[in-house]
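Work through the exercises below with the structure in view. Try each task before reading its solution.

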Amino acid sequence: MVDLFCELASIPSPSGLEGRCGEAVSRYLADLGLDVHRDGAGANVGSDGDNLYCRLAPTVPGQPLFFCAHLDTVPPETLEPVVVDGVLRNATPSIVGADNKAALVVMLDAIHTVVTDEIPHAGLELVLTIGEELGLVGSTAFDCSVLHAQSGYVFDHPGAIGGYVTAAPTRFVVRARMHGRSAHAAIAPESGVNAIVPLAQAIASFPGASPAVAVNVALVGGGSAMNVVPDRSEVTVDVRGNDQDEARTVVDAIEAALRSAADRAGCTVEVDVDRPYSGYRLPADSAALHLALSAFSRLGLPTAEWETRGGSDANVFRNRGLDCVNLTHAVEGFHAPDERVAISDLVLMRDVTLTIIAEARRADG
């Protein structure tokens with residue numbers, strides 16, 4: 001797994017450029033004698049790669065399962081994965097791609113083990129997505145009707161192995177463009193209408209983050225030159241909440257603040273609100289959760305429940321009626337220059353995966 005992780009982590013695959021990583025993964029699976037299907041989604045979501053799908057037909061009765069990891073990462077600096085004191089990290093301060101290549105490697109190694117050791121299973125499917133970091137665009141474009149399994153897993157949350165996400169957020173993205181009027185800033189400033197000042201005033205009045213809703217003013221821009229009254233400005237705001245109604249109330253307040261500031265300044269404003277994905281709360285009768293809890297118990301792992309503000313491909317699958325659970329995968333420093341994962345946690349995650357597969361064989365009694 002260490003060699004495979006270093007190979008895949010060395011391949012830059014920021015969102016939109018997953019093609020090379022997908023090709024390496026396809027070769028790995030083809031070497032096991034497996035067919036890999038590319039769904040062509042890349043052309044629709046702006047990627048040079050596609051979602052990958054691979055199925056192993058069942059060999060025994062039980063509950064079929066799917067496992068999902070995403071091929072993309074946030075933009076890397078220089079990728080040079082190394083092992084330091086049993087931990088995989090980058091040689092220089094940068095992400096190492098453990099989000100989500102740690103999960104990817106574990107799933108590939110588990111499939112390798114099942115195939116080469118002829119381990120009985122009730123049906124296994126891999127869904128490897130593009131564009132997760134852009135707002136789950138790859139899984140959103142994936143045709144879930146191809147899946148035979150109704151239960152599945154992603155490993156895409158920080159925390160010790162043995163944890164699982166009980167609630168994940170609905171995400172809104174607010175994009176606004178403020179329009180004023182340009183003029184020479186020194187000779188005829190009175191002829192201009194500054195589009196940056198009202199935007200700044202609006203931002204200052206936005207609702208802040210709360211225990212229920214996260215608000216991130218993520219991108220701000222505007223103006224054209226030092227000696228020109230700026231006639232445009234833009235802002236993008238990320239709003240997430242486990243209660244969709246509360247998050248929507250915050251979005252409405254942000255939009256009202258933008259329109260009010262524009263009116264006072266004599267500007268016009270365009271506001272677009274997008275909802276890339278909806279949240280969920282994991283039901284207590286989730287069959288996928290019960291399999292995971294049985295696996296944790298067999299391995300003697302303590303369990304932990306997480307309510308998260310981070311979305312994952314599980315959001316998409318659950319909102320399409322599939323019983324998907326997001327499990328922790330012990331990656332530390334998500335999206336940060338010290339992102340890392342311990343080799344021992346890769347091994348433990350692989351053990352969890354194989355034990356879940358074994359539990360699924362017993363699911364029909």
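**Exercise 1.** Find how many helices and strands the chain has.

*Solution.* The chain holds ten helices and 16 strands. Both are DSSP runs, numbered from the N terminus: helices are H or I with at least four residues, strands E with at least two. This is a predicted model, where local features need pLDDT of at least 70, side-chain atom pairs count only at pLDDT 80 or more, and totals for chains, interfaces and linings use all residues. Residues are numbered from 1 along each chain as its sequence is written, and side-chain values use heavy atoms, without hydrogens and water.

**Exercise 2.** Describe the surroundings of Asp 156.

*Solution.* Start with its place: Asp 156 lies in strand 7, residues 151-157. Asp 156 is buried and has no salt bridge (a side-chain nitrogen of Lys or Arg within 4 Å of a carboxyl oxygen of Asp or Glu). The nearest side chain of opposite charge, Arg 240, is 9.9 Å away. Leaving aside neighbours within four places in sequence, Asp 156 has contacts (heavy atoms within 4.5 Å) that include His 70, Asp 99, Glu 132 and Phe 334.

Notes
Buried < 20%, exposed > 50% of the residue type's maximum accessible area, 1.4 Å probe, protein only. Lys, Arg positive; Asp, Glu negative; His and termini not counted.
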